[in-house]
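Please consult the sequence and the structure alongside the text.

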Amino acid sequence: MMIRRLLAGALAVLTGGTVAVVLFQSNPATAERRGHAPIVIGHRGASAHRPEHTLLSYEAAIAMGADYIEPDLVSTKDHVLVARHENEISGTTDVAAHPEFADRRTTKTIDGRPVTGWFTEDFTLAELKTLRAKERVPDLRPDNAAFDGLAEIPTFEEVVRLAQRHGVGVYPETKHPTYFDSIGLSLEEPLLEVLNTHRVRKVFIQSFETANLRDLRTRTRLPLVQLITWGGAPYDWVAAGDPRTYDDMVKPEGLREVAAYADGIGVDTRRVVPVGADGRLQQPTTLIADAHRRRLEVHVWTVRNENSQLPLDYRLGNPASPVFSRATGDVMGWLSRLVELGIDGAFCDDPGMGRAVITGRPARPGV
C-alpha cells in the first residue's frame with residue numbers, strides 16, 4: 001500500500017510540473033494535531049481522466065493513490081444498486097441510441113423538479129448492462145470521450161469487490177433517498193447488505209438528506225457523513241415542510257444536531273472559503289473548527305483541475321485562449337490551501353493531484 005502511494009505521488013510530481021513546490025508549502029503539523037493525514041477520495045473515480053462511475057474510472061483512481069473511491073448509488077427496477085451520478089442516465093450512457101428502449105423515455109418529478117429522460121428504476125440490471133457509459137461533459141473533458149462505449153454500468157457490489165482487491169475504501173452516496181423510498185426501492189437495505197456481505201469496514205456512507213442517515217444510524221455503526229451544499233436545504237426537510245436550510249445546519253447548534261447521528265460532514269468548498277462577487281476567495285469561515293469541536297470530520301468537495309472549476313485566485317494561463325476554461329490551473333495550490341485550513345479529506349476529480357499534495361504528510365493510523 002505504501003509503495004502504491006509513493007509511486008502515485010512520484011507520478012503526479014513528474015506530470016504536474018509545480019507539485020514539488022506545493023509539497024513544501026504544506027504544514028504536516030495540522031494533520032498531526034488531528035492524528036491523521038487528510039484522505040484522498042476519488043470523486044466518481046478519477047473523473048478527470050475517465051468517464052465517471054465506471055470501473056475504468058475507479059481503477060484509475062486507485063492507481064493514482066486514492067484512499068477511497070466514491071460510487072453514487074441509484075436502484076434498478078429489480079432493486080440492485082448501481083453506480084450513476086443520477087438515476088436519469090441519458091447524459092452518461094448511450095441509452096438514446098438503443099431503439100429498443102425508446103419508449104422508456106419519460107418525465108418524472110425528482111426532488112420536486114421535473115426531469116426528462118431514461119431512469120435506472122425503469123430498467124432491470126440485465127437491461128442496464130447492455131448500455132455503455134460515455135463522458136458526461138465532453139466539452140470540458142474531450143480526451144475522456146476516447147473511452148465512450150467501452151465500459152458497462154457497474155453494480156455497487158462490483159465496485160466494492162474492486163476496492164477490496166486493492167485495499168482501498170469505498171465512499172458510497174445514496175442518491176434521492178426520499179424519491180426511491182416513495183417508489184418502493186429503498187437504498188439503505190441493499191447498501192448495508194452489500195457492505196455486510198463483504199465485511200466492508202473501510203467506508204463512509206454519505207447523503208444530502210438527513211432522515212436516511214438517522215435511520216442508518218439505528219442499523220449500523222459504520223461512519224456516516226452529512227453532505228452540505230452551498231445553498232438550499234435537504235430534500236427530506238423540504239418535503240416535510242421544515243423551513244430550515246443548510247445554512248442552519250452549519251451553525252454551531254446545527255452541527256450539534258448533526259453530530260448526534262453522523263461522524264462527519266462533506267461540504268462545498270465555499271462553506272470553508274467563500275467566494276466573493278468578483279470570483280476571488282474571501283476569508284475562511286470557522287466551519288472546520290466548529291465541526292471539529294463536535295468531533296465531526298470535514299471532507300470538502302469538489303477539487304477539480306480545470307480553470308473553470310477553480311477559484312479565480314488559482315486559475316493559470318491566458319484567459320483569451322479558447323482552451324483556457326479546460327486548462328489545468330493551480331489545483332494543487334488550491335488543495336494545499338484547504339489542507340492548511342485543517343480539512344480531513346477532499347473529493348478530487350484527479351486523485352493523483354490530491355495524492356501529490358498529501359505525500360510526505362504523517363500516515364493515518366493503521367495505514
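Two strands are taken to pair if DSSP finds at least two bridges between them. Helices (H or I, at least four residues) and strands (E, at least two) are DSSP runs, numbered from the N terminus.

The model is predicted: local features need pLDDT of at least 70, side-chain atom pairs count only at pLDDT 80 or more, and totals for chains, interfaces and linings use all residues. Residues are numbered from 1 along each chain as its sequence is written, and side-chain values use heavy atoms, with hydrogens and water left out.

**Overall description**

The protein chain has 15 helices and 13 strands. Of its 367 residues, 53% count as buried, where buried means under 20% relative accessible area, exposed over 50%, and partly exposed in between (1.4 Å probe, protein chains only). The accessible surface of the protein chain comes to about 15,500 Å², and 53% of this belongs to carbon and sulfur atoms; areas come from the Shrake-Rupley method with a 1.4 Å probe, and for residues only the protein chains shown count as cover. Among contacts (heavy atoms within 4.5 Å) with a separation of 6 or more, 68% link residues 24 or more positions apart.

**Strand pairing**

Leu73 stands opposite Thr174 in strand 8, while Val74 has Val82 of strand 4 as its bridge partner. The hairpin of strand 3 and strand 4 has 5 residues between the strands, and there His79 takes a positive phi near 65 degrees.

Ile41 has Phe347 of strand 13 as its bridge partner and stands opposite Tyr68 in strand 2. Strand 1, helix 4 (residues 55–63) and strand 2 make a right-handed β-α-β unit; right-handed means that, with the strands pointing away from the viewer, the path from the first strand over the helix to the second runs clockwise.

**Nonpolar packing**

A nonpolar core is a set of buried Ala, Val, Leu, Ile, Met, Phe, Trp, Tyr and Cys residues joined through side-chain atoms within 4.5 Å. The largest has 84 residues, and those with the most contacts inside it are Leu195, Ile205 and Ile265. Helix 14 (residues 331–340) gives the most to this core, with 6 residues. Apart from it lies another core of 9 residues, including Ile39, Phe204, Val225 and Leu227.

Leu195 is one of the buried residues of helix 8 (residues 188–197). Just after helix 8, Arg199 takes a positive phi of about 50 degrees.

**Confidence**

The pLDDT (the predictor's confidence in each residue, from 0 to 100) averages 91 in the protein chain, and 88% of the residues score at least 70. Confidence is highest in strand 4, at 99, and lowest in helix 2 (residues 19–25), at a mean of 31. Residues 1–33 stay under 50, and the pLDDT is also below 50 over residues 361–367. Where pLDDT is low, the predicted coordinates should not be read in detail.
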